[in-house]
Amino acid sequence: MMKWILPVTLAALLAACSSDDSGKTYYQLPVPTQPAAAASATQAQTTQRQLWIEQVGVADYLNGSGVVYQTNDVQYVIAKDNLWASPLEQQLQQNLVTQLSRDLPGWLVSAQTLAGDQDVLNVTVTGFHGRYDGKAVVSGQWTLTQNGQTVTQPFNLQLDQPEDGYDTLVRTLAQGWQQQADVIAAYVK
């Protein structure tokens with residue numbers, strides 16, 4: 001009878017040690033839900049303009065895996081249990097490619113370098129965090145090189161969060177990023 005107790009006890013102990021009940025939550029920016037502007041499979045064949053999103057960079061304090069929250073005018077906290085599911089730079093760039101592809105019919109928008117003439121977009125994000133006063137901050141600047149001319153535009157959005165919590169914060173940050181993508185698309189056109 002004692003022969004089976006040891007294996008069962010060891011199995012239960014191993015199962016308890018291997019279960020990860022750390023309380024970590026992972027966040028991914030939602031995909032834009034607005035309908036695409038007349039996109040079709042034949043659009044790629046008739047594309048005349050190209051936009052290369054060369055880089056979307058984030059400030060050092062945003063470059064970690066934790067979602068950032070500003071607790072007062074000078075303090076920032078990087079969450080240990082509320083994490084980005086993939087690097088924030090990568091999420092922002094992929095999301096921007098998706099949004100600009102939707103908003104710029106007739107354009108080929110890519111995060112990879114393209115052959116031939118292309119416009120080049122670089123974005124630096126200096127703020128992408130929640131704030132103690134219930135605001136979500138999306139700030140930085142973008143630089144567009146188009147037809148041999150370079151234009152740089154700063155942006156600083158402060159959006160009200162409708163509710164508390166990280167889920168709402170991430171959705172509000174995504175909404176601010178979408179608004180900025182719409183501004184970029186209107187300028188690129």
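Q: How many aromatic pairs does the count come to in this predicted model?
A: The structure is a predicted model. Rings of Phe, Tyr and Trp are taken as paired if their centres lie within 6.5 Å. By this rule, the number of aromatic pairs is five.

Q: Why is the pair of Y27 and Y166 described as tilted, rather than stacked or edge-to-face?
A: A pair of aromatic rings is described by the distance of the centres and the angle of the planes. Planes under 30 degrees apart count as stacked and those over 60 as edge-to-face. The ring centres of Y27 and Y166 are 6.4 Å apart and the planes stand at 35 degrees, so the pair is tilted.

Q: How many residues apart are Y27 and Y166, and which elements hold them?
A: Y27 belongs to strand β1 (residues 25-27), while Y166 lies in helix α4 (residues 166-188). The pair thus links distant parts of the chain, and the separation is 139 residues.

Q: Is Y166 buried or partly exposed?
A: Buried means under 20% relative accessible area, and exposed means over 50%. Y27, at 9%, counts as buried. Y166 has a relative accessible area of 26%, so this residue is partly exposed.

Q: Which geometry, stacked or edge-to-face, do the rings of F128 and W177 adopt?
A: The centres of these two rings are 6.4 Å apart. Planes over 60 degrees apart count as edge-to-face. With the planes of F128 and W177 at 90 degrees, the pair is therefore edge-to-face.

Q: Which residues do ring pairs link into a cluster?
A: F128 in strand β6 (residues 119-131) and W177 in helix α4 are 49 residues apart, and their pair links distant parts of the chain. Both F128 and W177 are buried. Ring pairs join these two with a further residue, giving a cluster of W84, F128 and W177.

Q: Which residue takes a positive phi in the hairpin of β6 and β7?
A: Strand β6 runs antiparallel to β7 (residues 135-146), and ten bridges join them. Within this pairing, H129 stands opposite V137 in β7. The hairpin has three residues between the strands, and the positive phi, near 85 degrees, is that of G134.

Q: Which residue takes a positive phi in the hairpin of β7 and β8?
A: Strands β7 and β8 (residues 149-160) pair in the antiparallel sense over twelve bridges. In β8, Q153 is the bridge partner of W142, and F155 is that of G140. Two residues lie between the strands in this hairpin, where the positive phi, near 55 degrees, belongs to N147.

Q: Which element supplies the largest share of the largest nonpolar core?
A: This core has 39 residues, and those with the most contacts inside it are L96, L100, L121, F128 and W177. Elements that each supply at least two of its residues include β2 (49-58), α3 (88-103), β6 and α4. The largest share, nine residues, comes from α4.

Q: With which residues is L100 in contact, leaving aside neighbours within four places in sequence?
A: L100 is among the residues with the most contacts inside the core. With those sequence neighbours left aside, the contacts of L100 are L51, I53, V109, L121, A181, I184 and A185.

Q: What share of contacts between residues at least 6 apart joins residues at least 24 apart?
A: The protein chain has four helices and eight strands, running α-β-α-β-β-β-α-β-β-β-β-α from the N terminus. Of its 189 residues, 39% count as buried. Among contacts between residues at least 6 apart in sequence, the share joining residues at least 24 apart is 67%.

Notes: Residues numbered from 1 in each chain as written. Predicted model: local features only at pLDDT ≥ 70, side-chain atom pairs only at ≥ 80, totals over all residues. Heavy atoms only, no water. Phe/Tyr/Trp six-rings, centres within 6.5 Å; stacked < 30°, edge-to-face > 60°. Buried < 20%, exposed > 50% of the residue type's maximum accessible area, 1.4 Å probe, protein only. Pairing = 2+ DSSP bridges. Core = buried A, V, L, I, M, F, W, Y, C linked by side-chain atoms within 4.5 Å. Contact = heavy atoms within 4.5 Å.
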